[in-house]
Amino acid sequence: MGCVFSLPEDRRDAAERAPTTRETSFVEKMKKTGKNIIVFYGSQTGTAEEFANRLAKDAQRYGMKGMAADPEEYTMGELSRLSEIENSLAIFCMATYGEGDPTDNAQDFYDWLQENDDEDLSGLNFTVFALGNKTYEHYNAMGKYVDKRLEELGGKRIFDLGLGDDDGNLEEDFVSWREQFWPAVCEHFGVEASGDESSIRQYELKVHTDVNMNKVFTGEIGRLKSFEVQKPPYDSKNPFLAPVTVNRRLNKAGDRHLMHLELDITGSKIRYESGDHVAVFPTNDSALVNKLGEILGVDLDVVISLNNLDEESNKKHPFPCPTTYRTALTHYLDITNPPRTNVLYELAQYASDPKDQENMRKMASSSPEGKSLYQSWVLDSCRNILAILEDMPSLKPPVDHLCELLPRLQARYYSIASSSKVHPNSIHICAVVVEYKTKTGRINKGVATNWLKNKLVNGHKSTVPMFIRKSQFRLPFKASNPVVMVGPGTGIAPFMGFIQERGWLKQQGKEVGETVLYYGCRYKNEDYLYQEELEEAEKDSVLTQLNVAFSRDQEHKVYVQHLLKKNKDHLWKLIHSDNAHIYICGDARNMAKDVQAAFCDIAEEVGGMTHTQATDYVKKLMTKGRYSQDVWS
């Protein structure tokens, strides 16, 4: 998908912010509110934050009191002071982002851990649960680092590091870890589980009957009316509404819909570089929202607030309030992903059929039978919350409890397909529309790509709330360095920006090194994206070599890695003698691995290395920043 990461972005809404005299000392806050467990999260897509909230809620079942906390909002240098609180424990739910990097909100904490060698954390009890994805090179690097580093600084590990793999079943990894974690905590602190398995509400519903509609959120991410009165700087908490100026289908035939969009950022003061990502905030399909309203039997246009029962919490509402159920289900809540087990567990009580109740609780348990039921009935069948409600007619939850439990709808990331040197006021996106049939015969549609597809130029509301996320995916500092780009499918996106930029550098009279592209698609006459632009760039010698693999135009499949092997002598010279930079963009699971293996083979075959030496050679290129990946799974 046009550089869609399965991980989009966390936010702290202005609406959710406490007054500005915010307490930055989590120790003082814990003392004041009688908490002894703090759960920090490093989260890019909301999942680590969700897990942190679940753990903080769990504490209550064990007669302890927990709070979830964003490390960006507190002074992390206070970890050594946690010993001032009896039976205190710090839990870290840490996701890894990009190439083994911390998430945006954990960057400062990461820097602090690296810089403070003389910190004494001997009074700190800690445990870490890491969230990552095995298809990536640096699997769970952030969680592993935090776990190791806290121990180095004298902290006491109460329970083993948990490793969650989003390529497998992250939810199951978490549930299994948590199942063993709490008994270990109880044993460590000598407390008994209260056995209270009942559902604990975090928010209370307030229905507004006579509210001034100017005070009601209608989809803004941060400040009320921020979409009407736009003020820079623009970021994840204050996105810019960019008009769509181009939206065209890229492929000539075939049943997929590949598209090229251009967003106008004139006057926004937004700056970007080739290789950066653009994040967009999509909205859910109104047909899905209406069906939810129907099946739950509610008037979606009632104005409501969900207010945190813990008045000291920094998070006053689960999403901007006051708002309507319709707005919440359209703009703020994720209604298309299969629900996690805690949602099923908490909703079970609303099923009137005891069998349904039992199955929902079973799916949330760690019994093998329950796990496999969740895997087959929810995950493998791709059942979203609507499908679950349709297929379990006895389940009739109150809409406010459902809204409390559903995760936030996240921003989606795309690699920018343009260069700001050539297009300073426009950001290009290349993406494939996601649509597939599930095992239950339903058609599931990707939220963001279908929403983007329907953004008609000059149409009503054809603007896209967006912001930029900087990346490490950068052209070499010296234009004379050769570049080798490998990007099949929508992996071509950042390379369109790179090619534009190399062309611009050439026009400026700079000495530009060889610029080599390896691109791949299914059929030359169907889905060869940007064919005219690429052939033009080759004609103008901006691309010194254009290699295209058409995987299905002949009997046997031909992929980019096959073409790499074919040109091994030329590539080895570029890499080994000419200091070339290598860039890979696209699918992490198969392509990126196969391409890396191909480069290792070249180092063996042409460079005369052993298998181990070749593997190390490629890893060293990564460390030196000469082998960069922008991949997703």
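## Aromatic rings in the interior

Phe129 and Trp177 are both buried. Keep in mind as you explore that this model is predicted. The tour begins with aromatic rings, moves on to helices, and ends with some annotated positions.

- A search through the whole structure turns up 29 aromatic pairs.
- One of these is the stacked pair of Phe51 and Phe174, with 4.0 Å from centre to centre and 10° between the planes.
- That pair ties together distant parts of the chain, since Phe51 belongs to helix H2 (residues 47-61) and Phe174 to helix H5 (residues 170-189), 123 residues apart.
- Phe51 has 0% relative accessibility and therefore counts as buried.
- Phe174, also at 0% relative accessibility, counts as buried too.
- Phe129 and Trp177 make a tilted aromatic pair, with 5.2 Å between centres and 50° between planes.
- This pair also links distant parts of the chain: Phe129 is in strand E5 (residues 125-132) and Trp177 is in helix H5, 48 residues apart.

**Charges over rings**

- Arg383 places its charged end over the ring of Trp377, 4.1 Å from the ring centre.
- Lys421 does this with Trp504, its charged end sitting over the ring at 5.9 Å from the centre.

**Helix H6, seen end to end**

- At the start of H6, a side-chain oxygen of Asp285 comes to within 3.0 Å of the backbone nitrogen of Ala287.
- Within helix H6 (residues 286-296), the buried residues include Leu288, Val289, Leu292, Gly293 and Leu296.
- Looking down the axis of H6, you would find its buried residues within an arc of 140°, so they line one face of the helix.
- Here is a handy rule: an α-helix has 3.6 residues a turn, so residues three or four places apart point the same way.
- What do the buried residues of H6 pack against? Their partners are helix H7 (325-332), helix H11 (385-391) and helix H12 (399-405).
- Just after H6 comes Gly297, with a positive phi of about 65°.

- Leu571, Trp572, Leu574 and Ile575 are buried in helix H17 (residues 568-577).
- Seen down the axis of H17, the buried residues fall within an arc of 165°, so they line one face of this helix.
- The other side of H17 has Asp569 and Ser577, which are exposed.
- The cover over the buried residues of H17 includes E19, strand E20 (515-521), H16, strand E22 (581-587), helix H18 (588-605) and helix H19 (611-623).
- After H17 comes Asn579, whose phi is positive, near 65°.

**A closer look at Met363**

- Met363 is part of helix H9 (residues 354-363).
- Is Met363 buried or exposed? Its relative accessible area is 2%, so Met363 is buried.
- Setting aside neighbours within four places in sequence, Met363 is in contact with Thr341, Leu344, Gly370, Leu373, Tyr374, Trp377 and Val378.
- From Met363 to Glu220 the distance is 143 residues in sequence and 35 Å in space, C-alpha to C-alpha.

**Positions marked in a database record**

- An unreviewed UniProt entry places the feature "binding site" at Arg256, Thr490, Ser551, Arg552, Lys557, Val558, Tyr559, Val560, Gln561 and Asp594.
- These positions span 339 residues in sequence, and the farthest two C-alpha atoms are 24.5 Å apart, so they do not all gather at one spot.
- Where is Thr490 found? Thr490 is in the loop between strand E19 (483-486) and helix H14 (493-507).
- Thr490 has 6% relative accessibility, so Thr490 counts as buried.
- Gln561 has its place in helix H16 (residues 560-566).
- With a relative accessible area of 13%, Gln561 is buried.
- Not counting residues up to four places away in sequence, Gln561 touches Asp594, Val595 and Ala598.

Conventions: Residues are numbered from 1 along each chain as its sequence is written. This is a predicted model: local features need pLDDT of at least 70, side-chain atom pairs count only at pLDDT 80 or more; totals for chains, interfaces and linings use all residues. Side-chain values use heavy atoms; hydrogens and water are left out. UniProt positions are given in the numbering used here, feature names are shortened, and annotations may be inferred rather than shown by experiment. Helices (H or I, at least four residues) and strands (E, at least two) are DSSP runs, numbered from the N terminus. Buried means under 20% relative accessible area, exposed over 50%, partly exposed in between (1.4 Å probe, protein chains only). Contact means heavy atoms within 4.5 Å. The arc is that of the directions from the helix axis to the C-beta atoms. A polar contact is a pair of N or O atoms within 3.5 Å; within protein, one must be able to donate a hydrogen and the other to accept it, and residues adjacent in sequence count only if both atoms are side-chain atoms. Rings of Phe, Tyr and Trp (its six-membered ring) pair if their centres lie within 6.5 Å; planes under 30 degrees apart count as stacked, over 60 as edge-to-face and the rest as tilted. A charge sits over a ring if NZ of Lys or CZ of Arg is within 6 Å of the ring centre and within 35 degrees of the ring normal.
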